[in-house]
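Dear colleague,

Please find below the structure that I am handing over to you. My notes on what was found in it follow.

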Amino acid sequence: MFIPQVRPINGLCEVLAVNNKKSAFFYNWEELRDLSRPNSLTFSYFCKGRTIGYDAANDMITDAASKYLGEITLISHFYILAIRIM
C-alpha cells in the first residue's frame, strides 16, 4: 500500500512523468515500490526474491531489463531506474 509523505517532494520518477519522459523500475524487494508514486512509471517489473531466491530474482530482473532496453532502444530514448538487491 502506498503511503504518501507528510510533505511530499517529487522524486526522479515523478519529475520525469511531469516532463512527459518515460521511466521503468525493476526490483526484487517489494518495499521498493514505494520509491515512486502510483502512475509515475511507464513500466514496472517485480520479481519476488523471497519466494524464488534473490540470485534467481536478480537474474530474471537483469534479463527483463536487458530485453526492455533492447526493445525500446530501437524506438526512442528512455530512462531506467534499475535496482538490484543482493
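Predicted model: local features only at pLDDT ≥ 70, side-chain atom pairs only at ≥ 80, totals over all residues.

Asn-28 sits in the loop that runs between strand S1 (24–27) and strand S2 (43–46). Is Asn-28 buried or exposed? Its relative accessible area is 2%, and because buried means under 20%, Asn-28 is buried.

Next, the strands. S1 and S2 are paired in the parallel sense, over 4 bridges. Within this pairing, Phe-26 stands opposite Tyr-45 of S2. In a regular strand, side chains alternate between the two faces of the sheet. In S1, Ala-24 and Phe-26 point one way, while Phe-25 and Tyr-27 point the other way, and all are buried. Tyr-27, which belongs to S1, has a relative accessibility of 8% and therefore counts as buried. Tyr-27 and Cys-47 are 20 residues apart along the chain, yet their C-alpha atoms are separated by 6.6 Å.

Finally, the largest pocket. It holds about 170 Å³ of space. Its lining consists of 11 residues, of which Gln-5, Ile-9, Asp-34, Leu-35 and Arg-37 are the closest to the centre. Sorted by class, the lining has 5 nonpolar, 3 polar and 3 charged residues.

Yours sincerely

Key:
Residues numbered from 1 in each chain as written. Heavy atoms only, no water. Helix = DSSP H or I, 4+ residues; strand = E, 2+ residues; numbered from the N terminus. Buried < 20%, exposed > 50% of the residue type's maximum accessible area, 1.4 Å probe, protein only. 1 Å grid on protein atoms, 1.4 Å probe; cavity = no way out; pocket = protein on both sides within 12 Å on 5 of 7 lines; lining within 4 Å. Points joined across faces, edges and corners; volume = space filled by probe spheres on them. Nonpolar A, V, L, I, M, F, W, Y, C, P; charged D, E, K, R; others polar. Pairing = 2+ DSSP bridges.
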